[in-house]
Every structure is written in C-alpha cells, then in structure tokens.
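I opened the notebook to record a few things looked up in this structure. The entries follow in the order I took them.

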Amino acid sequence: MLLPFSGAQGLWLRRTAIRLPEASGPGSGVCGEGEPLHLLALGDSIIAGVGTGTRERSLPVQFALALAANRGCSVHWCTEGANGADISDLLCTLDKLHPEQRANVILISIGVNDVTGLRSLRRWRFLVEQLVLVLRAKWPRAQVIFAGLPPMGVFPLPPQPLRFTLGQRAAALDAIAAGIIARQPGMRHIPTVINPLEQEFCEDGFHPSAESCNYWALVLAQRFEADNLELPGS
C-alpha cells in the first residue's frame, strides 16, 4: 500500500537531494610502521569518502589507521569505491582490478544503492554469492569484512513513508548478506552502528560525517581484532 507514495517520494528525492563530492586525495597510501599489511577497500560512496572531504578522513583510511595502531604494523591501503555503486558495479570493479593486487584484509561497503535501485531479494542473494566466489578465487587467504547495511529507516533525508520502506528493504538485504557471509571461513559480517540519532550526518542527510566515519572505523577494528586473527600474506 505504501509503494505508490514511496515511489513518488523517491523520484522527488533524486531530483532535489544534495550531491556531495567524493573525497579528494590519492586512492592508496601507507600508514603506520612495521610489518606490512595490505588493506583493500571496495564498494560504494562510503569507500569513496563522500561527505568526508579528504581521503584521510574517509572510513577506509580511518580503519587502516586503527589497524596499524592495534597491530603495530604498516598498513598499505587501496580504495576502489564509487559514488552510486551497487553490487553489480562492485563485481565489474573486481573484474578490472590488476591481477597482482594484494590484499590481506578486504573491507566491503555495498548495498545502499541496491536498496534505492529496488534490487530484488532473489537477485541480491545471487550477486552476494557471486561476490563471495570472486573474492575467494582472487584472494583465498584474505580476511573479508562485509560492513552491514546501515539503518536506513532512521536516515534524516527521506520523508515518510519512503524512510520506512527503505529501512525495511535495507534490513532484508542485510539479513541475506549476513546469512551468506556467516557460512564463509575467513569472512565476517559486522553490523553498521552508524545511527543519525546518535552520530553526526552530512548536510545531505544520507552520508555519515568524517567524525562519524572515525567512530565507525574504530568499531570495525575492535570487532575485527576481537577474533585475534593471524593474517598470512595473500
């Protein structure tokens, strides 16, 4: 019953929403000192640093800094993200990566644009399973973190009932991804804790601020380190 209203609101938002740029700066770098650890971050606008201003303040680099501090190592990070990317775009990106791209840890943020693009649950399940297969084929020994879809039902930007519809859809896609990832050795789904009721969002009402990305990165690193994993070379 809500679909006609949500659809109309979705079209209105596409025309009127603020468009923030991707983060400035190089897409790769090194932080910390010690034994090298290779971090590859893949996915959507979160990986591209939309709303954070500079690459150093984006989630992937903040996560790299946290890993370097926790492990006493140097983290060689590389980001491959794009504003508006969905899981099909991510699979295309993986296909184009250099065959010798190294990765001990892989951080993935994907799914929000599949929600707004009305991806079917069946197709989403298939594509997540394909993503798992590709990651395992390319980096069989890497540890993979799938950042859960955010609670879109509390995002500041969308009006009701669109906000409710997006929240329900995001939760459904996230549950599917979590179930698939849970069955894969060396992969973990970490729920996204960013909540605009508690953390700061950008003026577009859709992306967490640089400060919130720092908080998010620390949570991801803490959850990751809680497993006490050894990270062999890839």
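Predicted model: local features only at pLDDT ≥ 70, side-chain atom pairs only at ≥ 80, totals over all residues.

**Entry: E56.** I then looked up where E56 sits, and found E56 in the loop between α2 and α3. Leaving out residues up to four places away in sequence, I found that E56 touches V61 and Q62. I also checked E56 against P26: the two are 30 residues apart in sequence, and their C-alpha atoms are 9.2 Å apart in space.

**Entry: cysteines.** How many disulfides are there? I got a count of zero. I wanted to know why, and took two cysteines in turn. For C31, the closest cysteine sulfur belongs to C73, at 8.0 Å, so the two are too far apart for a bond. The cut-off I needed here is 2.5 Å between the sulfur atoms. For C202, the closest cysteine sulfur is that of C213, at 7.4 Å, which is also too far for a bond. I noted the accessibility of both: C31 counts as buried because its relative accessibility is 8%, and C202 counts as buried because its value is 11%.

**Entry: helix α8.** C213 came up again when I turned to α8, where C213 is one of the buried residues. The helix covers residues 210-225, which makes 16 residues. From first C-alpha to last I read 22 Å, close to the 22 Å expected at 1.5 Å a residue. Besides C213, the buried residues of α8 include A210, W216, L220, F224 and E225. What covers them? I listed helices α2 (45-48) and α3 (59-71) among the cover, along with strands β4 (105-109), β5 (143-147) and β6 (187-190).

**Entry: α6 and α7.** Two packed helices are described by the angle between their axes and the distance between the axes. I looked up both for α6 (residues 121-138) and α7 (residues 162-182): the axes come within 10 Å and cross at roughly 35 degrees. The crossing of α6 past α7 is right-handed. On the α6 side, the contact is made by L121, W124, R125, V128, E129 and V132. On the α7 side I wrote down R169, A172, L173, I176, A177, I180 and I181. Which classes of residue make up this contact? I found 10 nonpolar residues, three charged and no polar ones.

How values were computed:
Residues numbered from 1 in each chain as written. Heavy atoms only, no water. Helix = DSSP H or I, 4+ residues; strand = E, 2+ residues; numbered from the N terminus. Expected span 1.5 Å × (residues − 1). Buried < 20%, exposed > 50% of the residue type's maximum accessible area, 1.4 Å probe, protein only. Contact = heavy atoms within 4.5 Å. Axes fitted to C-alpha atoms, helices over the stretch in contact; angles between N-to-C directions. Left-handed = near helix turned anticlockwise from the far one by under 90°. Nonpolar A, V, L, I, M, F, W, Y, C, P; charged D, E, K, R; others polar.
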